[in-house]
Amino acid sequence: MGIFRRSSAVPAPAPDPAAALADCLRAIAAREAPEDALQPALQAILEATGAQAGAICLFDVRYGLLRLAAEVGISDEGCRALRSIRQDNARGWEMPLQCLRDRRTYLIDAASGGRQVPPLVEAGAAMRSVACVPLCAGETPHGSLVLVALAPRALSEHDLQQLAGPLDEVVRMIETARRPRAGAPAPAPEPSGVLAEPGLGGEVAAGPPERARLESARRATDRVELLAAAEAELESARTALADAQARSVALEAEGRRARAEIERLELAERDGRAERERMETELTEIRARFDELAERGSALEGEIGVLRETVATLRGEVQTLAAERDRLRGALAELQAEPDPVVAEDAPATAAAEPTPFESPPAPAAPPRPAAQPPSAVRPRAVGARRLVVVLDVDPVWEGAVIDGTEVTVVKPGSDLAARLAGATPTRLVVNLAAPGALAAMGALRAAGVSGRFWGCLASPASDKALPLGMIEPATRPLDPDAILPVLGGYATRGTRVVTAGADGDVLMSLRHALTRQGLSVSMAWDAKQAVDLFDAVRPELVVLDLELPPRNGYELVVRLAGAIPVPSVVLVYGDGDDTAAGFAAALTRGAPACGLVPRDRLLADVLGHSEAPPAERPKVYALPQGR
């Protein structure tokens, strides 16, 4: 019968782009670390929308500003415009902040030049449209998404509406990065009842023809019931077939994604093996270089010891010769005082008129004394001193250091330090961070335009030794990446290993993005334990360290870095109300190794022996895979 004919196959449902993007973002969140997930998530959003460039900016509720955390295809000038977006900034672009404040998405026609859109992409690329999308969790603002479409591509309202669901996954990524780690089946349909055939009212006397007619009606009723049951079963089979076909399509799509993921993982494994071989080769070269430098250092230590003994011997001989000279001068004066009787008798007039050959000429008049210097001012360089070392400290014991051709002057930290250093040209500027006001005085000198390098140390008035720290720089909270980049340029070039440590995740991610664009290799730590692990694994050449690093161990980490090889340059981030001198003094008392403390004159001599020239840019080195 026609009711049992097989129906045509149900067409597979069209894939949902929004659902596919949400699945992709969830996979990225599960695969990547929280602080590294924003970059691939942004790349996935650009591929889904067809935009050629974009950026994710995180909102800092404490200071009311947006910070650039991830970007793809944005120019250097565009990064500077997005790196720190503040309200009422006349020179900035406030649209990403305004969209977050209004909780509205703005689509800008960049071709018409509206809204004064900055050049977000490289010169020569024509921006067609720019979209600013808020990233919020309910009423809580988290950031803004900026999308840039280049001609002839233009973003539409439909493209932005498709992002409403997937962007919830981006918000969850941001929440996870800021706080690092911590379906009943549908009821079955009620079975359809079958109306029972009403019974006969009573026994009716009928003849054989009537009984045959009733029997035929019963059989017809049974056939109708069987047909209804068969039709219901057929409809159920059709529904099951459609569900099976939909599941088959979904499984095929999942299989394709799984195969693509397997291929990606295999490629990542090959890249990982190549990277591991490269790192092992570099580690072997570094170890060999370190062993060579250690041998040279041991030889130099021996030579320095011999030279010090020679200098001490020569100083003793100089003192002996000076005493002998004074003795001879005294004897000569006595001989000049005794008159010669022969000469006195033969030439009395001559002796009275002319001095004898042994008489000394009259002594010249004493020069006038210079005016007294004000307290704690830098004294003029001593006669014969080729170098001047200025020490920022309150302990005058530094001035007793004896270094050939070098004058050592102690200057107390204070608000007028720049005025007291005016006119002086110190060869080296050494700072005792345990002295009250030392770190703030460094910041005041930088604000006054002093550009010389600072050499840090920790010293206690109760000891004649100090702990050398290497070159240091001051920075205040909140850390501004645009302000700190020029300072770091004197200490790092492309390829320099950098470790940043602090509790402010938004600032660290923005700083990492800015440093990575300069070609630096940047690693981040959120607490003291992660920082120690990175110090041992990365062996950084430059460290940006917040002294309030949880659990308030920033000062102990500075002492730990003093024993690193090589000793890195350190940027110390502090607040206006921090008692940094007390923190450094306590850290020196608790954790300074005895082998790291050196006499103060030796510390100054070592500082004079180190170069302050900026590092040269190192060439890129690649490890080629070994042939089989």
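Let me start with a term: a residue is buried under 20% relative accessible area, exposed over 50%, and partly exposed in between, using a 1.4 Å probe and protein chains only. By that rule Glu556, at 26% relative accessibility, is partly exposed.

Now, the ground rules. This is a predicted model, where local features need pLDDT of at least 70 and side-chain atom pairs count only at pLDDT 80 or more, while totals for chains, interfaces and linings use all residues. Residues are numbered from 1 along each chain as its sequence is written, and side-chain values use heavy atoms, with hydrogens and water left out.

On to salt bridges. The term means a side-chain nitrogen of Lys or Arg within 4 Å of a carboxyl oxygen of Asp or Glu. How many turn up in a search of the whole structure? The search finds 35.

Back to Glu556. Its side chain meets that of Arg590 in a salt bridge, 2.2 Å from N to O. Glu556 sits in helix H15, residues 554–561, and Arg590 in helix H16, residues 580–591, so the pair ties together parts that are 34 residues apart in sequence. Helices here are DSSP runs of H or I with at least four residues, strands are runs of E with at least two, and both are numbered from the N terminus. Arg590 is exposed, at 58%.

Next, a pair within one helix. Lys529 and Asp533 form a salt bridge at 3.4 Å, N to O. They are 4 residues apart in helix H14, residues 528–538, so about one helical turn separates them. Lys529 is exposed, with 62% relative accessibility. Asp533 is partly exposed, with 41%.

Then Arg325 and Asp326. Their closest N and O atoms are 3.6 Å apart, and they form a salt bridge. Arg325 is partly exposed at 43%. Asp326 is partly exposed too, at 44%.

Last stop: Ser129. Is this residue buried or exposed? Ser129 is buried, with a relative accessible area of 5%. It lies in strand E5, residues 127–137. What does its side chain reach at 2.9 Å? The answer is the backbone nitrogen of Leu155. Ser129 also touches several residues, among them Leu107, Ile108, Ala110, Val148 and Leu155, leaving aside residues up to four places away in sequence. Contact here means heavy atoms within 4.5 Å.

Methods
Polar contact = N/O pair within 3.5 Å; in protein donor to acceptor, adjacent residues only side chain to side chain.
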